[in-house]
Amino acid sequence: MLTALNQDAASPLRRPRKVDGIIELVGNTPLVEVRRTTRGLSRGVRVLAKLEGFNPGGSVKDRPALGMIRDAIDNGRLKPGRTIIDSTSGNTGIAIAMIGAALGYPVRLVVPANVSEERKNIIRLFGAEIVYSDPLEGSDGAIRLCRKIVAEDPEGYFKPDQYFNPMNSQAHYETTGPEIYRQTEGRVTHFVAGIGTGGTVMGAGRFLKERDPRIRVIAAEPDSEMHGLEGLKHMASSIVPGIYHEEELDLKIPVSTEDAYEMVYRLSQEEGLLVGQSSGAALVAAMDVARRLTHGTVVAVFPDFGARYMTTNLWTTWKESLDVGNVDFSI
Amino acid sequence: MSVRVRVPTPLRKFTQGSDEVDVNGDTVLAMLEDLEQKHPGIKERIMDESGKVRRFVNVYVNGDDIRFLQNVDTALKDGDSISIVPAIAGGL
């Protein structure tokens, strides 16, 4: 039945034959039903994944990066001669570097030194400069170092400031939320997304609730301050992003790193979906919700694909867990 | 053996905010046990119930990842510098 719905709803998502530049391909990502990994749910419950890895920069972060940069160009905060700078552990950096290259603005990124090699390389290949911050200080250390660099030459930079720029969540309000509503023909009942800056869950969640106040908005969060869910933040122990308003959430579900990694491994072998750890976390939370339902359509945001984590602990340590779920890792 | 341990931000609540602490141990495991003795609660954030370093935590001895040495059996000597680093770089 949903296949038919998707065909009806497909036209707004069809890719244009030709575009004038890569940034026109941001958004309009597909929604895919997760079937095997979700077995055991009530017959009336479906779990759908929004595959943000289909964005041209490879992640959900293309949306807020483009929203913030377009807004800055429109209001004059970004003009020729200025460099785009921000602190980012990866996906936002890649998105900013890609958009900077496409629009002709130099980009400088402050990243913790332990960010994955492939991320560093992708950022460099877009021509952006990387400044490293102390890995022991995490993303908060990168935020502080970036603020210091900007303070030394405030006129030289435009800082999108994804943690505090309302255009971050606005981008999701204007694109991610409407796409999900349209792709499910308004049948979405639960929306699940991880919290990094909070932009996705806040912006898309706000749109969906305005459309239908019965839609529940749920955030997946690392269960501990010491975790391995790259991209997600444990709010109680972090600098809380200015765009994050916890009171707008219906529920926050803590997810352990081990459970999220296991879900990533299962998705790759049971669904042919090779995704990153934040997608695993989103599905763990989505399943937690879905198991309690008799009817419903649960949409989870999968922020990126797994290939860009090949040198990270997600994959380099997977052999340590041969006994993960019912998946055979004897390859 | 007295060694110095660099503590990442998420674990500093166990070390009263200190980013470096001095502990004793002739192996990484012994060092972690002494760290737990002095800062209760910290070890379970680093190791799982089976005694293995959690998959998302990297422990370095003088800059070398113990996964490429002898893991928690890696020998330590006086003055070694240990870093406990989350395997991730934080928010998106």
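How many salt bridges does a search of the whole structure find over all chains? The search finds 33. The model shown in these views is predicted.

**View 1. A salt bridge joins Glu179(A) and Lys50(A).** The two side chains meet at 2.6 Å, N to O. Glu179(A) sits in helix α6 of chain A, which covers residues 166-183. Lys50(A) belongs to strand β2 of chain A, residues 44-51.

**View 2. Chain A has a domain 1 and a domain 2.** Domain 1 is made of residues 2-56 and 173-320. Domain 2 runs over residues 62-158. Between the C-alpha centres of the two domains of chain A lie 24 Å.

**View 3. Domain 1 and domain 2 of chain A are in contact.** Domain 1 brings 25 residues to this contact, and domain 2 brings 21. The area buried between the two is about 1600 Å². Carbon and sulfur atoms give 52% of that area. On the domain 1 side, Ile23(A), Ile239(A) and Arg308(A) lose the most area to domain 2. Together these residues account for 42% of what the domain 1 side buries.

**View 4. Salt bridges cross the interface of domain 1 and domain 2 of chain A.** The rule finds four of them here. In another close-up of chain A, Lys233(A) pairs with Asp140(A) in a salt bridge. The closest N and O atoms of Lys233(A) and Asp140(A) are 3.1 Å apart.

**View 5. Chain A meets chain B.** Chain A puts 35 residues into the contact, and chain B puts in 26. About 2800 Å² is buried between the chains. Of this area, 53% comes from carbon and sulfur atoms. Five salt bridges are found across the interface of chain A and chain B. Arg6(B) forms a salt bridge with Asp134(A). Here the closest N and O atoms are 3.1 Å apart.

**View 6. The largest pocket has residues of chain A and chain B nearest its centre.** Its volume is about 390 Å³. The lining counts 23 residues. Nearest the centre are Thr311(A) and Asn313(A), along with Asn58(B), Tyr60(B) and Asp65(B). By type, the lining divides into nine nonpolar, nine polar and five charged residues.

**View 7. Helices and strands supply residues to the lining of the largest pocket.** From chain A come α4 (117-125) and α10 (313-316). From chain B come β3 (57-61) and β5 (81-86). Each of these elements supplies at least two residues of the lining. The most comes from β5(B), with three residues.

**View 8. The largest pocket lies between domain 1 and domain 2 of chain A.**

Technical notes. Residues are numbered from 1 along each chain as its sequence is written. Chains are lettered from A and ligands numbered from 1 in the order in which they are written. This is a predicted model: local features need pLDDT of at least 70, side-chain atom pairs count only at pLDDT 80 or more; totals for chains, interfaces and linings use all residues. Side-chain values use heavy atoms; hydrogens and water are left out. On a 1 Å grid over the protein atoms alone, a cavity is a set of points where a 1.4 Å probe fits but cannot get out, and a pocket is an open set with protein on both sides within 12 Å along at least five of seven lines; lining residues have an atom within 4 Å of a point. Grid points are joined across faces, edges and corners, and a volume is the space filled by probe spheres set on the points. Helices (H or I, at least four residues) and strands (E, at least two) are DSSP runs, numbered from the N terminus. Ala, Val, Leu, Ile, Met, Phe, Trp, Tyr, Cys and Pro count as nonpolar, Asp, Glu, Lys and Arg as charged, and the others, Gly among them, as polar. Domain bounds come from an automatic or database domain assignment. Contact means heavy atoms within 4.5 Å. Buried area is the accessible area (1.4 Å probe) that two parts lose on being put together, summed over both. A salt bridge is a side-chain nitrogen of Lys or Arg within 4 Å of a carboxyl oxygen of Asp or Glu.
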